Each structure stands twice: as structure tokens, then as C-alpha cells.
Amino acid sequence: MKQTARSASTPEYHAVRFYENERSLARIVATFLSDGFMSESPGIVVATPVFRGALLRELIARSLDVVQLQRSNDLLLLDAKDTLSAFIVNGEPDAGKFNDSMCEVIARACRGREDCTVRIFGQMVDVLWSTGKQDAAIRIEMLWNQLAKTETFSLLCGYAMGHVVKEASRDAICSHHTHVVSADGYAADFVFG
């Protein structure tokens with residue numbers, strides 16, 4: 001795999017984590033969000049109910065007041081399937097509806113703050129990939145990169161290892177990201193192409 005330059009439309013940090021179990025992923029996402037909370041960056045989680053539960057347990061274990069974070073909209077927890085239903089039309093992501101939906105959520109988290117960089121964790125692509133909708137998942141990755149032209153965010157995506165079985169699939173996913181996060185939570189500072 002060779003290094004490639006990041007495109008101008010890719011967010012500064014659009015990372016991917018290929019995970020084996022949700023508990024290990026929850027630890028990585030908790031670190032990603034906690035680091036943001038320390039710098040007053042809000043967090044958005046778009047994930048399955050099982051993962052949201054695992055993540056909340058990790059955040060609580062770090063002594064974070066998740067109730068207060070949610071009340072203040074510094075932590076928004078959204079369901080991946082419900083969020084997808086807001087912009088999937090005839091089985092395909094609609095760019096306009098995606099932008100409207102994600103911009104609304106980002107604005108809600110920022111609450112008018114200047115220089116607000118939201119940290120977002122998303123499992124929507126994993127939900128699509130696991131149901132055989134790989135093209136739709138890749139399209140969402142592309143839509144995130146386009147949204148980075150107008151919105152400021154750091155994005156971490158999660159894909160279950162069991163769903164991504166071919167090296168070609170992994171390469172296709174990585175080509176839309178700026179970083180690949182390892183099991184210890186460190187991000188390699190390049191994309192694959």
C-alpha cells in the first residue's frame with residue numbers, strides 16, 4: 001500500500017478503525033471524545049444501541065458526567081439506523097438530505113460557539129456495509145469529505161472486521177480517510193491508495 005496525499009476536500013482528521021469487538025472500539029472512541037471534551041469540543045456519536053451503551057460505560061469509567069454532557073448538548077447520541085433513514089432515498093444516500101441532517105446536528109452541538117470543531121464518531125457506514133450496501137457506505141464517506149469544505153469536524157468511523165473481508169474492500173475504505181487507527185488508539189498519519 002502506498003501513501004497518497006490528502007485531497008483538498010478531505011477533513012483534516014477523518015479516521016477509520018477496523019475493530020474486532022465493540023468493547024475495544026468503545027475504549028478508542030471514549031479517548032477520542034474525552035480528548036475533545038478536555039479542549040471544549042463537543043462530541044456526536046451516531047451508532048447502534050449496543051455500541052452507545054458500551055461507550056457510555058467507558059465514558060463513565062473515566063469519571064465523565066455523561067448526563068451533564070448530554071444536557072448541555074456537548075454529547076449527542078444518535079441512533080445509526082434512525083439517522084440513516086433521514087437521508088437514504090431509494091437505498092442511496094441523498095447528498096442534500098445528508099448535508100441538511102449533519103449540519104443541523106453539528107450546529108446543535110456547537111450552539112453558536114466560534115471555532116467549534118466537533119468530534120464525531122460514526123457507525124452508519126458499518127451498518128450499511130454489514131447489510132451488503134458497500135456502495136452506499138463509500139458514498140457516505142465521500143459525503144463526509146465534501147461536508148468538510150463547509151463544516152469543521154474531526155471524524156472517526158468504525159467498521160467491524162468481520163464485515164470487511166477482502167483486502168480490496170479495506171483499501172477502498174481507507175482511500176477515503178486521512179488516518180487508520182490501530183488497536184492501541186494511535187492513528188497512522190496517511191491514507192492508503
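Arg62 is partly exposed, with a relative accessible area of 34%; buried denotes under 20% relative accessible area, exposed over 50%, and partly exposed the range in between (1.4 Å probe, protein chains only). The side chain of Arg62 forms a salt bridge with that of Glu58 at 4.0 Å, N to O, a salt bridge being a side-chain nitrogen of Lys or Arg within 4 Å of a carboxyl oxygen of Asp or Glu. Glu58, at 15% relative accessibility, counts as buried. The structure is a predicted model, in which local features require pLDDT of at least 70 and side-chain atom pairs count only at pLDDT 80 or more, whereas totals for chains, interfaces and linings use all residues. Residues are numbered from 1 along each chain as its sequence is written, and side-chain values use heavy atoms, with hydrogens and water left out.

The structure holds 4 salt bridges. One of them joins the side chains of Arg111 and Asp74 at 2.9 Å, N to O. This pair links distant parts of the chain, 37 residues apart: Arg111 belongs to the loop between H5 and S7, and Asp74 to the loop between H3 and strand S4 (75-79). Helices (H or I, at least four residues) and strands (E, at least two) are DSSP runs numbered from the N terminus. Asp74 is buried at 17% relative accessibility, whereas Arg111 is partly exposed, with a relative accessible area of 41%. The side chain of Asp74 also meets that of Arg113 in a salt bridge of 3.0 Å, N to O. Because Asp74 lies in the loop between H3 and S4 and Arg113 in the loop between H5 and S7, this pair ties together parts that are 39 residues apart in sequence. Through shared partners, salt bridges join Asp74, Arg111 and Arg113 into one network. Arg113 is partly exposed, with a relative accessible area of 29%.

Positive phi values occur in residues other than glycine. Arg111 has a phi of about 50°, and Ser63 has one near 65°. Ser63 is located in the loop between helix H2 (49-61) and helix H3 (66-71) and is exposed, with a relative accessible area of 68%. Just after H1, Glu40 likewise takes a positive phi of about 65°.

Helix H1 (residues 22-38) comprises 17 residues and should span 24 Å at 1.5 Å a residue, which agrees with the 24 Å between its end C-alpha atoms; the expected span is 1.5 Å times one less than the number of residues. Buried residues in H1 include Leu25, Ile28, Val29, Phe32 and Leu33. At the start of H1, a side-chain oxygen of Asn21 comes to within 3.2 Å of the backbone nitrogen of Arg23.

Technical notes. A polar contact is a pair of N or O atoms within 3.5 Å; within protein, one must be able to donate a hydrogen and the other to accept it, and residues adjacent in sequence count only if both atoms are side-chain atoms.
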